Amino acid sequence: SLQGDARFALILERMGCQVTRTDTTTTVRGPPAGKSLKGIDVDMSGETDAFLTATALAAVAEGTTRISGIANQHVKECDRIAAMTAELSKLGVTARNLPDGIEIDGAGSASALLSRLSRSNGGEPDTKRAKKETGASIECYDDHRVAMSFAVLGSVCGLTLLDQACVGKTYPEFWDDIARLGVDIAGVATTERASRREASV
């Protein structure tokens, strides 16, 4: 049976990702060409810490995603539900902070989110512009999971994370590993990780 965060792949599959499993690996790819992630209703009481990544993906999904069963996330390293709601608003994404969860109205796609960011910065929608021109500055609340979830979102819309060092609590190699996946990282070097506060993705 699947335990805890291992069930997260099932959530990704419901959202439209392509998931392949073997006895020892799980491989996740985005939706097929021409398709978008889709909003879902999901009880994440069995994998509450993973809700942040689901929330980040929901920001670029079609429709509304409703995540429930995560009331304990109000009292983690920070109020994670409040944090995700506040920081998504900087990207023009509407999210609702609920006692037992969060609702996110997705932009529909990464390109739609980029257009929204460009408009909010007073520019014309242009998804071919350098992503850092439409980036937002995201507070991480000294919470490693907030930083890692917005790093995933930043891979498609460009963000500055204001406390990149907080990932050292549980995953000090995170920035190296996400760079190996092809994500463009600025402001992070292995030897500087403990002292640098910002990272742009």
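**Legends to the close-up views**

**View A. Glu 77 sits in the loop between strand E4 and helix H3.** Helices (H or I, at least four residues) and strands (E, at least two) are DSSP runs, numbered from the N terminus. The model is predicted: local features need pLDDT of at least 70, side-chain atom pairs count only at pLDDT 80 or more, and totals for chains, interfaces and linings use all residues. Residues are numbered from 1 along each chain as its sequence is written, and side-chain values use heavy atoms, with hydrogens and water left out. Glu 77 counts as partly exposed at 35% relative accessibility; buried denotes under 20% relative accessible area, exposed over 50%, and partly exposed the range in between (1.4 Å probe, protein chains only). Apart from neighbours within four places in sequence, Glu 77 is in contact (heavy atoms within 4.5 Å) with Asp 143, His 144 and Lys 169. The side chain of Glu 77 makes a polar contact of 3.4 Å with that of His 144 and another of 2.4 Å with that of Lys 169. A polar contact is a pair of N or O atoms within 3.5 Å; within protein, one atom must be able to donate a hydrogen and the other to accept it, and residues adjacent in sequence count only if both atoms are side-chain atoms. The C-alpha atoms of Glu 77 and Asp 142 are 7.4 Å apart in space, although these residues are 65 apart in sequence.

**View B. Lys 76 and Asp 49 form a salt bridge, with the closest N and O atoms 3.7 Å apart.** Lys 76 belongs to the loop between strand E4 (64–68) and H3, and Asp 49 to the loop between strand E3 (41–43) and H2, so the pair ties together parts that are 27 residues apart in sequence. A salt bridge requires a side-chain nitrogen of Lys or Arg within 4 Å of a carboxyl oxygen of Asp or Glu. By this rule the model has 13 salt bridges. Lys 76 is partly exposed at 35% relative accessibility, and Asp 49 is also partly exposed, at 22%.

**View C. Arg 96 and Asp 105 meet in a salt bridge of 2.8 Å, N to O.** Both partners are partly exposed: Arg 96 has a relative accessible area of 29%, and Asp 105 has a relative accessibility of 24%. Elsewhere, salt bridges that share partners join Asp 49, Lys 76, Glu 77, Arg 80, Asp 143 and Lys 169 into one network.

**View D. Helix H3 (residues 80–89) is largely enclosed by the rest of the structure, because 7 of its 10 residues are buried.** The buried residues are Arg 80, Ile 81, Ala 83, Met 84, Thr 85, Glu 87 and Leu 88. The elements that cover them include helix H2 (51–58), strand E5 (94–98), strand E6 (101–105), strand E7 (136–138) and helix H5 (144–157). At the start of H3, the backbone nitrogen of Ile 81 has a side-chain oxygen of Asp 79 within 3.3 Å. Glu 87, buried at 2% relative accessibility, forms a salt bridge with Lys 90 (2.7 Å, N to O). Lys 90 itself is partly exposed, at 36%.

**View E. Met 44, Leu 91, Phe 150 and Leu 153 have the most contacts inside the largest nonpolar core, which has 54 residues.** H5 supplies the largest share of this core, 7 residues. A nonpolar core is a set of buried Ala, Val, Leu, Ile, Met, Phe, Trp, Tyr and Cys residues joined through side-chain atoms within 4.5 Å. Not counting residues up to four places away in sequence, Met 44 touches Phe 8, Ile 11, Ala 50, Phe 51, Ala 54, Ile 67, Ser 68, Gly 69 and Ile 70.

**View F. Thr 65 is part of strand E4.** With 2% relative accessibility, Thr 65 counts as buried. A polar atom of its side chain lies 3.5 Å from the backbone nitrogen of Ile 40. Neighbours within four places in sequence aside, Thr 65 is in contact with Met 15, Gly 39, Ile 40, Ala 58, Ile 102, Glu 103 and Ile 104.

**View G. Strands E1 (residues 18–21) and E2 (residues 26–29) run antiparallel and are joined by 4 bridges.** Two strands pair if DSSP finds at least two bridges between them. The two strands form a hairpin, with 4 residues between E1 and E2. Arg 21 has Thr 26 as its bridge partner in E2.
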